[in-house]
Amino acid sequence: MITLLLACTVARLPHSSAAPETQTVTLEDLLTPGPLVHEVHISARTEGDLSGLLNLDHPDAPPLKKAKVPIVLPVHVLRREDGSVWVLDTGVTRGFVQGTKEPAKGLLRAAAGSIRGEVGLADIVGERDLAGVLISHAHLDHILGLPDVPADVPVYLGPGELEERLGRNALTHRTSQAALSNHDLRTWDFEAGVPLAGVDKALDVLGDGSLWALYSPGHTPGSTAFLARTTEGPVLLTGDVCHTLWGWEHDVPPGGYSSDGEAGARSFALLREMVAQHPEIVVYVGHETDGVGTGVDEVL
Ligand SMILES: [Zn+2]
């Protein structure tokens, strides 16, 4: 039996956190169909550097050293039985798709310039009740859609994300912080987490055992993956613990885009082992959805 805990603390601003709740479910329960209806939308398309997406020093890395790889910015929607929805990552805004490029200015506008919007977060959510936003990590390509999120909707992210300013994130750090600070930010308290299917620290997001936040540091300090019990069965949303389907299938972890490659490789290995043990889990990686028109296979 596993003890489930709902636990979050609030980033920076004083705020009353939800009281912990406990219940028990078995691992078998988690791997059966559950109440959530999952949709994935391609909010935008862009390119990534192969050396960032994959560790090219890995013995199984592809035989290319320099390449731009087409990738997507997905938004995952999880609909509850009451009709309310949670989203994982934010894609881009409706305004971005319409050409205003918000919230990018100056250097950020240049950084975001290669991103081609397809459908904004406001249009993905539509008229539905947006109950919460999950951020896999605070890199720009995961939070550009935040201006479409009403200020009173809670936005959850992992510990240390607001402080992370290494590498490619340095230029965008201040704007990322500004975009996040306009919201009801909450940081996962993984110290209260429990072991789940090989992952050290997991938290019950909704309090009913249907959605789990999995502490998966390395790409960034607070990178978080999610395991959802959907009507179609269990779904693992890796975030950027793994960017590409090629990397997932060939057991090659991310490269230079990660701030701590060693920790990231461990988190990647734990998630892969979870799925190896439980092959009924359907996997969605961070920047590819179906392999059609995106990914490493396109450039090999
Ligand atoms: Zn990313």
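**The zinc site**

Modeller: His142 counts as buried, because its relative accessibility is 2%; buried means under 20% relative accessible area, exposed over 50%, and partly exposed in between, with a 1.4 Å probe and protein chains only. This is a predicted model, in which local features need pLDDT of at least 70 and side-chain atom pairs count only at pLDDT 80 or more, whereas totals for chains, interfaces and linings use all residues. Residues are numbered from 1 along each chain as its sequence is written, and side-chain values use heavy atoms, with hydrogens and water left out.

His142 contributes its NE2 atom to the zinc ion, which is also coordinated by Asp141 (OD), Asp240 (OD) and His287 (NE2), at 2.0 to 2.2 Å. Donors are N, O and S atoms within 2.8 Å of the metal (3.2 Å for Na, K and Ca); water is not among the atoms, so sites may look incomplete. In sequence, the spacing of the donor residues is D-H-x97-D-x46-H. Asp141 also counts as buried, because its relative accessibility is 13%.

The arrangement is irregular because the 4 donor atoms subtend angles of 84 to 168° around the zinc ion. Four donors count as tetrahedral if all angles lie between 85 and 135 degrees; four count as square planar and six as octahedral if opposite donors are over 155 degrees apart and all others between 65 and 115; anything else is irregular.

Two further residues deserve attention for their backbone angles. Most residues other than glycine have a negative phi. Asp89, however, has a positive phi of about 65° although it is not a glycine. Asp89 lies in the loop between β6 (85–88) and α3 (94–97); helices (H or I, at least four residues) and strands (E, at least two) are DSSP runs, numbered from the N terminus. Asp89 counts as buried, because its relative accessibility is 6%. Ala197, likewise not a glycine, has a positive phi near 50°, and its place is in the loop between β11 and β12. Ala197 counts as partly exposed, because its relative accessibility is 23%.

Of its 300 residues, 56% count as buried. Among contacts (heavy atoms within 4.5 Å) between residues at least 6 apart in sequence, 69% join residues at least 24 apart.
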